[in-house]
Amino acid sequence: MFYREAGDFKTSYADDSQTFPIAFDRYRYYAVLAVALGIIPFVITDYWASAILIPFLIYAIAAIGLNILTGYCGQVSLGTGGFMAVGAYTSYKLMTAFPGMDMVTVTLLSGAMTAMVGVMFGLPSLRIKGFYLAVATLAAQFFLVWLFNKVPWFYNYSASGQITAPERLLFGHAVTGPNAEAWVKYLFCLAFVFVLAWVARNLTRGAMGRQWMAIRDMDIAAEIIGVNPLRAKLSAFAVSSFYVGVAGALLFTVYLGAVEVGEAYGIQKSFLVLFMIIIGGLGSLFGSFAGAAFMVLLPVALKVLLVDTMGWDTALATHFQFVIVGGLIMFFLIVEPHGLARLWSLAKEKLRLWPFPH
Amino acid sequence: MKKLLTTVAAGAMLASPAFADLMFPDLSYRTGPFAAGGIPFSDGYQDYFTLLNQRDGGIGGVPVRVVECETAYNTERGVECYEATKGDGALVYQPLSTGITYQLIPRATADGIPLHTMGYGRTSAVNGEVFSHVFNYPANYWDAASVMINVLLDENGGSLSGKKITLLYHNSAYGREPIRTLETLAAQHGFTLNLLAVDSPGQEQGNQWLQIRRDRPDYVLFWGWGVMNQVAIQEAINIRYPLENFIGNWWAGADHDVASAGQAAAGYRALNMNRLGDMPVFAEIQQHVIDAGLAAGDGTNLGSVLYTRGMYAAMLAAEAARKAQEIHGVADITPAMMRDGMEALEMTNARMDALGMPGIGPEFAVSCGDHGGTGQAIMTQWNGTEWVTLTDFIAPDDSVTGPLVLEDSAAYAAEAGITPRNCNGS
């Protein structure tokens, strides 16, 4: 009934190697796109945009970025928050120095800048791995936050060290600043998510992705079969940091509007994105989305349920949120250590056999 | 016929409150490292509105509805709270967080909802020509820095030249606010200013206190909040720093900050923007709110430093709402009317007496151009068991803060593309 391959004939190599080879899966993907592009922009409210959809989209980009590095290439990184800060501060400097620059360019350049910084901090990965690399990237996290606090040039010498995103237009509509409308911000983020996810999907299926995975599975073996570890690891750091930088830039320009590096891009942000890919599923694009949705939506959903519906005390509800989110994370990790993505693919396997499982 | 009229009248009386209410959102934090300060403030804020509802039937006959939203001092959750409550007719936001304030300044201005950041937030919001919807009366951080230096000048015979003063601050927008003023004052009065930042949440201060121990500054000024305060006071005791030379701002001078150190912390001084001690209004809150089982918290915070300040914040909001009702002749006011009320707010000693809070704050009047009040503050000292008031309200040096406000607000206006309104013409 669902996910049947019967009758779905592939007559060319292109058909055979497409991203969604099963027709049902493909239609489901088109349906999601149609809803996201054709329906949500018309019904979106400020609350849905600012509290749920925009953070979800932005964290999805960050999760894809970290997944490329950790899930596909096997290099553990705890520097995500710091790299996001690089994206944010680059876009701030660009926006204030070149008021005429459009936001797409600003965001892409922020990603490119972060990619360069990421490669620099990725250099130690050629010598160290595992926990030791995690500690090296942790140093990047603390160094970058310290740097953006220490050097006033980064925050244009403002009294408080806060950076605030000025209003910028795209096709005559404000994308950043307080007058930006919910649907504009949503579509702007969605466009980035769509393009970046599409690129990531094709990168990971191609030669580069296979090199990354070879390095992840066993770097010595990979080297012997001709994968250049320098190129593979550094390209993973570059691509991953590009994604993370774009996410950091969008988090600042579109979502928050004003940030302070220690609070918005601290170590807890690195852990948040890491939890997203662990819960979602390492080495899976769907997992990046699922993990981001889980970590963004669950607290809001719990708040709506406990405080707004059941009328609980706000402090009690917040404490329970910690208990419930923590409990669910443990539950998922015990029941399915490979994350939500694995649950999803298991469900698909079951559906293919249903109703006659063997 | 008479019966019918009474029924209609009763029906109208019953029905009208259901439609009209004044919604005051309370972006509180009862969890996280800053909860110790957030809880008493929020209790005081909510209890005062409950008192108004119970005793007077609301403000101008319209009941008040307080909607609490937990931010945990986190800016992302602050945004969520703002978006969740703004559509509900929120009259004024008081986030009690400088970080969230920076988020909300452009948003609230665009949405036409006033923002009251009492003694925190962006100092240059004093300039009402640039910040039309942001108010920070009765005092701000630059006033606090200036008042502290004025007190020290007084104690040193009018000269601080050659003295060493260290600023120990929370490494965030909040802690960095006073630096610019202190630097200006250092140049003016000839003292050396040394800056020591403590990363949030502030439990790790060993390093900074080692430096203080080595430098032996004459005074340590302190911009702390939450768990950071207790730790700093304990560290000061540990290195035997003379506590009367360790001076906190008004967010670092609450009961819970010194309670754990107790007698050992005697001598520690802190600024306050509102007066302490018993006031007639506390008995009324006890009677109408706490004894009636309607308190926001467990009622134990009544009369504490931050409870009093939360209550003061609620009182200023209620008085502004009353002013707005008066100006516009409407009982059920909108956020735009509330803004007008805040801009026309005038606090007099007679009014504070009438409200049962004699002299709780300085007398001040808000105007179109000046959203900051007088900036006066009192100095208090912990004597080991309670906070005692040392001085009357002390004025800051406006000749120092005034130009800085103009400079910073002009920079903001240029960055955000705001054309300042002209307050002289209207």
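This is a predicted model: local features need pLDDT of at least 70, side-chain atom pairs count only at pLDDT 80 or more; totals for chains, interfaces and linings use all residues.
**Entry 1: chain B as a whole**

I began with the secondary structure of chain B. I found 15 helices and 13 strands there. Next I looked up the extent of the chain. The C-alpha trace of chain B spans about 85 × 50 × 40 Å along its principal axes. I then checked the radius of gyration. A compact globule of 426 residues would have a value near 22 Å, and chain B has 22 Å, so the two agree. Burial came next. I noted that 57% of the 426 residues of chain B count as buried. I also looked at how far apart in sequence the contacting residues are. Among contacts in chain B with a separation of 6 or more, 71% join residues 24 or more positions apart.

**Entry 2: the two domains of chain B**

I looked up the domain assignment for chain B. Domain 1 covers 19-139 + 279-376, and domain 2 covers 141-272 + 380-403. Their C-alpha centres lie 27 Å apart. I then turned to the contact between them. In chain B, 18 residues of domain 1 are in contact with 24 residues of domain 2. On the domain 1 side, α2 (35-56), α4 and α12 (305-328) of chain B each give two or more residues. The largest share of that side comes from α4(B), with 3 residues. I sorted the domain 1 side by class and got 9 nonpolar, 9 polar and no charged residues.

**Entry 3: where chain B meets chain A**

I moved on to the contact between the chains. Here 31 residues of chain B are in contact with 28 residues of chain A. Which elements of chain B supply at least two residues each to the side that touches chain A? I listed β2 (64-70), α3 (75-86), α4 (98-111), α6 (173-176) and α15 (398-416). Of these, α4(B) gives the most, with 7 residues. By class, the chain B side divides into 9 nonpolar, 10 polar and 12 charged residues.

**Entry 4: helix α12 of chain A and its partners**

I then picked out α12(A), residues 267-280. How does α12(A) lie against α15(A), roughly parallel or roughly perpendicular? Helix α15(A) covers residues 339-353, and the two helices pack at an angle of about 20°, with their axes 3 Å apart. That angle is under 35 degrees, so α12(A) is roughly parallel to α15(A). The contact uses A:I278, A:I279 and A:G280 of α12(A), along with A:G339, A:L340 and A:A341 of α15(A). I counted its classes as 4 nonpolar, 2 polar and no charged residues.

From α4(A), the residues A:T80, A:G81 and A:M84 meet A:I267, A:K269, A:S270, A:V273 and A:L274 of α12(A). This contact divides into 4 nonpolar, 3 polar and 1 charged.

**Entry 5: one residue, A:L138**

Last, I looked up A:L138 in helix α6 of chain A, residues 131-150. Is A:L138 buried, exposed or partly exposed? It has 17 C-beta neighbours inside 10 Å, so A:L138 counts as partly exposed. Leaving out residues up to four places away in sequence, A:L138 touches A:L78 and A:G79. I also noted A:G82, 56 residues from A:L138 along the chain, with a C-alpha separation of 8.9 Å.

Conventions. Residues are numbered from 1 along each chain as its sequence is written. Chains are lettered from A and ligands numbered from 1 in the order in which they are written. Two residues are in contact if their C-beta atoms, placed from the backbone, lie within 7 Å. Helices (H or I, at least four residues) and strands (E, at least two) are DSSP runs, numbered from the N terminus. Ala, Val, Leu, Ile, Met, Phe, Trp, Tyr, Cys and Pro count as nonpolar, Asp, Glu, Lys and Arg as charged, and the others, Gly among them, as polar. The radius of gyration is taken over C-alpha atoms; the globule rule is 2.2 Å times the number of residues to the power 0.38. A residue is buried if 20 or more other C-beta atoms lie within 10 Å of its own, exposed if 12 or fewer, and partly exposed in between; C-beta atoms are placed from the backbone. Domain bounds come from an automatic or database domain assignment. Axes are lines fitted to C-alpha atoms, for helices over the stretch in contact, and angles run from 0 to 180 degrees between N-to-C directions. Angles under 35 degrees count as roughly parallel, over 145 as roughly antiparallel, 65 to 115 as roughly perpendicular and the rest as oblique.
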